[in-house]
Amino acid sequence: MLRMRHCGFGRHGFTRPSELLVGGGWWLDGPNKSCLPALAICLALATFSGVAFAQEQPIPRGLPSGLDLSTQAPFRTWRTTTIGSYKGVNAYRDALDEAKIKVGDAADEILGRLAFPYVGERTEVELAVVSAAELGVESESSLADLYSRARQLGLMLCPAEVAPQLRLDYRDQPRGETLIIAMEPVNTYSGEPTILSLVNWGSGLALLGGSGRSEFMVPSYLRFVFAFPERVAAE
């Protein structure tokens, strides 16, 4: 049964389940109660999932278990975003609010933490969308292992600012889609490591936070946004 408390979409002030628990305790900032029927449909289609994220881990010697670089196709650029277009958290919050994009409590909180970095100049970042399966996960994998797989294949975690900027850019996100931003987690005030995701449950676009703990297991169908290391450049 879902634990309940008043949590809301950041400054939007909904009352709703604060944590959607899916498989082993994963959680993601949830929708208000009126969104639950649409959410149930997404769950049935396996297009929505609770999300957990990994903290940065040292790259282990050798390849993670089950990963064969020779069988992996090169990753293509999905889209390019330019961070540094908005100067700091208040500018992003105002832009998200003006665009009527919902912001989860955890997401709104970490956007304002000192540990959440904002770049000082406009920086172009090329991005790839990669499923866990495309990283060699056959069934499930820990997030720490998943991120190691991505680094072994030439990808990197996104700068944190990619999350709010991409949420503003990606207005045509398909209904039912969840994209997890692969980024270094930022702790909430309660000490919970948190990473952001872009979702469209059919009731509007949202920027939500999910657990950044590294020990959670990731099913192969989840999709992540990574950056190309050689394609992050200041304008």
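A: Begin with the surface. The accessible surface of the chain comes to about 10,600 Å², and carbon and sulfur atoms hold 51% of that area. Accessible areas come from the Shrake-Rupley method with a 1.4 Å probe; for residues, only the protein chains shown count as cover.

Q: What kind of model is this, and how are its residues numbered?
A: This is a predicted model, in which local features need pLDDT of at least 70, side-chain atom pairs count only at pLDDT 80 or more, and totals for chains, interfaces and linings use all residues. Residues are numbered from 1 along each chain as its sequence is written, and side-chain values use heavy atoms, with hydrogens and water left out.

Q: What is the average pLDDT of the chain?
A: pLDDT is the predictor's confidence in each residue, from 0 to 100. The chain averages 76, and 67% of the residues score at least 70. Over residues 1–26 the pLDDT is below 50, and this stretch has 85 contacts in the model beyond near neighbours in sequence. Residues 31–72 also stay under 50, with 114 contacts beyond four places in sequence. A contact means heavy atoms within 4.5 Å.

Q: How much of the chain is buried?
A: Buried means under 20% relative accessible area, exposed over 50%, and partly exposed in between (1.4 Å probe, protein chains only). Of the 235 residues in the chain, 54% are buried.

Q: How many helices and strands are there?
A: Helices (H or I, at least four residues) and strands (E, at least two) are DSSP runs, numbered from the N terminus. The chain has five helices and 12 strands. Helix α5, residues 162–169, is mostly covered, with seven of its eight residues buried; among them are Val-162 and Leu-168.

Q: Why is strand β5 described as largely enclosed?
A: Strand β5 covers residues 123–131, and seven of these nine residues are buried, so the rest of the structure largely encloses it. Two strands pair if DSSP finds at least two bridges between them. Strand β3 (residues 79–83) pairs with β5 in the antiparallel sense over five bridges; in one of these strands, β5, Glu-126 is the bridge partner of Thr-80.

Q: Which strands pair with β10?
A: Strand β4 (residues 102–103) pairs with β10 in the parallel sense over two bridges, and Val-103 stands opposite Leu-207. Strand β9 (residues 193–200) pairs with β10 in the antiparallel sense over seven bridges, and Thr-194 has Ser-211 as its bridge partner. In the hairpin of β9 and β10, four residues lie between the strands, and Gly-202 takes a positive phi near 95°. Strand β10 itself, residues 205–211, has seven of its seven residues buried.

Q: How many aromatic pairs does the structure hold?
A: A pair of aromatic rings is described by the distance of the centres and the angle of the planes. Rings of Phe, Tyr and Trp (its six-membered ring) pair if their centres lie within 6.5 Å; planes under 30 degrees apart count as stacked, over 60 as edge-to-face and the rest as tilted. A search of the whole structure finds seven pairs. The rings of Phe-116 and Tyr-118 have centres 5.1 Å apart and planes at 45°, so this pair is tilted. The rings of Tyr-147 and Phe-224 have centres 6.4 Å apart and planes at 85°, so this pair is edge-to-face. Tyr-147 is in helix α4 (residues 143–152) and Phe-224 in strand β12 (residues 223–234), 77 residues apart.
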